[in-house]
Amino acid sequence: MTARLVGRLDTPAAAEVTQEIQPLLDHAGSTIVLDCSEMSYISSSGLRIFLTIRKAASAAGGHVVIQGLSNEIRQVFMMTGFLQLFEIK
Amino acid sequence: MAEHSRLDPHAEAILEEYRAQRPVFEKMQVTIPARVRALLDEAGVVVASVESRVKEEESLAGKLELKGAKYASLSDITDIFGMRIITFYTDDVDKVASAVDRLFEVDWENSVDKRKLLEVDSFGYLSLHYICRDSEFPYRFEVQMRTILQHAWANMNHDTGYKSGVEVPVEYKRNMNRLAGMLELVDEQFSRIRTEINDYRRQVQSLVASGRLEEVPLDGDSYRSFLQLRPFDPLNRRIASVNQAEIQEVTLMPFLAVFKALGLKTLGDVAGLISKYGEPAYQIACYQMGLTDLDIVASSVGPQNLCLAYLLKKGGGRAGIRMMLDTLNGPSEGNDTMAEYILAQAEDFSFMHTKD
């Protein structure tokens, strides 16, 4: 299952996304692809959403692949230690 | 209902009793293996399998045809319900036997330790057979206990030796017995290796607990024990304090490969890395996160920054950082970009301008 994240994943957007990720969590036992090629910003709230999806996938025997990370967002993943938590393509 | 014309009336009566009592044996097959599994789980004894079966009518009829006169009634036949417990290690056969002894009343007169029946100069079938009774059921049953290698040998021997119904040549029997001797040695070696590994783990845990880290080689077991001391927590807490961030716990086992690639040989070397590069690792975090509002970090950030600081200070350059990121995250071109990003910042890190 693939989810496309577009624009800024800041705190207000994260609240909205939290409501919308349920279909992903329902498929947590499979491979979940998070397409970030059109995501321009991520805040801590956005990182927490990624973490929620990862935990659900891990518990259900699935895994999460992130693709299309911009350099700026990749840097956020690196400085927080999140880079090692996901398979990043 | 099948008629067995070859059976005499006495054997036919036993067979009739078997038909009537079969539900009892089927209930035994549900209840008894489950109780064995539960006790083994509780005792932490890992076994390869617990198999069970109720003897089929045809098989019982064959037995009665051969030696029906030996049995007064169905109760005299002890293998109508049978269970086989296969262990990985030869030492565990005795542990399993002890569990069976605790759960059931063992009929010692009719139980056989075939491991002790063989002469010193002969090799062959090794297995422990107990005849047991459970107070819940009126019939005795057989429990066979053996290792997975003994099981393999017994199956191969049975399959090729008896199935054909033809007497096999002596040379074949000799070869099978040679294999039995070899497998006995292999079983012993497996047990010995397990004992040595457990001894090593205990020794490592003791050295780690006593702080003699420089004496402990860096490997999977020792590093796992080391992590129980939570050696990266102080650094992670310091890094988190930059933005009052929460720390998300993640496994730090993947860093073992990086530490080894950096040439660290003992746990003392890892402790030395934390002690010597803790401040530079913190400086990297301050520089990167200080002007952000990121208030969540993974517990991997501490060891990650330690490795980065070490590589930067030792002149590991782009190739070194790329190696580290490839090892932790899997190879990707994005790791090259991150290596460039770190190198571009390095000039601004104050620790890069101080001598060791």
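Reply: Let's start with Asp107(B), which counts as buried at 17% relative accessibility. Keep in mind that this is a predicted model. Asp107(B) pairs up in a salt bridge with Arg140(B), with 2.7 Å between the closest N and O atoms.

Arg318(B), Arg322(B), Asp326(B), Glu333(B), Asp336(B) and Glu340(B) are linked in a network of salt bridges. Let's take two of its pairs in turn.

One of them is Arg318(B) with Glu340(B), where the closest N and O atoms are 3.2 Å apart. Arg318(B) belongs to helix H11 (residues 317-329) of chain B and Glu340(B) to helix H12 (residues 333-346) of chain B, so this pair links distant parts of the chain, 22 residues apart. Is this pair buried or exposed? Something in between: Arg318(B) counts as partly exposed at 38% relative accessibility, and Glu340(B) is also partly exposed, at 40%.

The other pair is Arg322(B) with Asp336(B), whose side chains meet in a salt bridge at 3.7 Å, N to O. Here again the partners come from two helices: Arg322(B) lies in H11 of chain B and Asp336(B) in H12 of chain B, so the pair ties together parts that are 14 residues apart in sequence. With a relative accessible area of 19%, Arg322(B) is buried, and Asp336(B) counts as buried too, at 16%.

Asn305(B) is found in helix H10 (residues 301-313) of chain B, and its relative accessible area is 0%, so it is buried. What does Asn305(B) touch? Setting aside its neighbours within four places in sequence, Asn305(B) is in contact with Ile239(B), Ala281(B), Ile284(B) and Ala285(B).

That brings us to the nonpolar residues. In soluble globular proteins, nonpolar side chains tend to be buried together. The largest nonpolar core here has 86 residues, and the ones touching the most other members are Leu34(A), Phe50(A), Ile66(A), Phe77(A), Tyr223(B) and Phe259(B). Helix H9 (residues 267-289) of chain B supplies the largest share of this core, with 10 residues. Zoom in on Phe77(A): leaving out residues up to four places away in sequence, Phe77(A) touches Ile42(A), Leu47(A), Phe50(A), Ile66(A), Leu69(A), Phe82(A), Leu83(A), Phe86(A) and Ile88(A). Apart from this core lies another one, of 40 residues, among them Ala11(B), Ala61(B), Leu64(B) and Phe104(B).

Over in chain A, check how two helices pack. The axes of helix H1 (residues 11-20) and helix H3 (residues 44-60) of chain A come within 8 Å and cross at roughly 25°. H1(A) and H3(A) are therefore roughly parallel to each other. H1(A) brings Thr11(A), Ala14(A), Val17(A) and Thr18(A) to the contact, and H3(A) brings Ser45(A), Gly46(A) and Ile49(A). Those contact residues divide into 3 nonpolar, 4 polar and no charged.

Most residues other than glycine have a negative phi. Arg230(B), though, has a positive phi of about 55° without being a glycine. Arg230(B) is in the loop between helix H6 (220-228) and helix H7 (233-241) of chain B, and it is partly exposed, with a relative accessible area of 39%. Gln244(B) also has a positive phi, near 45°. You'll find Gln244(B) in the loop between H7 and strand E7 (246-248) of chain B, where it counts as exposed at 66% relative accessibility.

Key. Residues are numbered from 1 along each chain as its sequence is written. Chains are lettered from A and ligands numbered from 1 in the order in which they are written. This is a predicted model: local features need pLDDT of at least 70, side-chain atom pairs count only at pLDDT 80 or more; totals for chains, interfaces and linings use all residues. Side-chain values use heavy atoms; hydrogens and water are left out. Helices (H or I, at least four residues) and strands (E, at least two) are DSSP runs, numbered from the N terminus. Buried means under 20% relative accessible area, exposed over 50%, partly exposed in between (1.4 Å probe, protein chains only). Axes are lines fitted to C-alpha atoms, for helices over the stretch in contact, and angles run from 0 to 180 degrees between N-to-C directions. Angles under 35 degrees count as roughly parallel, over 145 as roughly antiparallel, 65 to 115 as roughly perpendicular and the rest as oblique. Contact means heavy atoms within 4.5 Å. Ala, Val, Leu, Ile, Met, Phe, Trp, Tyr, Cys and Pro count as nonpolar, Asp, Glu, Lys and Arg as charged, and the others, Gly among them, as polar. A nonpolar core is a set of buried Ala, Val, Leu, Ile, Met, Phe, Trp, Tyr and Cys residues joined through side-chain atoms within 4.5 Å. A salt bridge is a side-chain nitrogen of Lys or Arg within 4 Å of a carboxyl oxygen of Asp or Glu.
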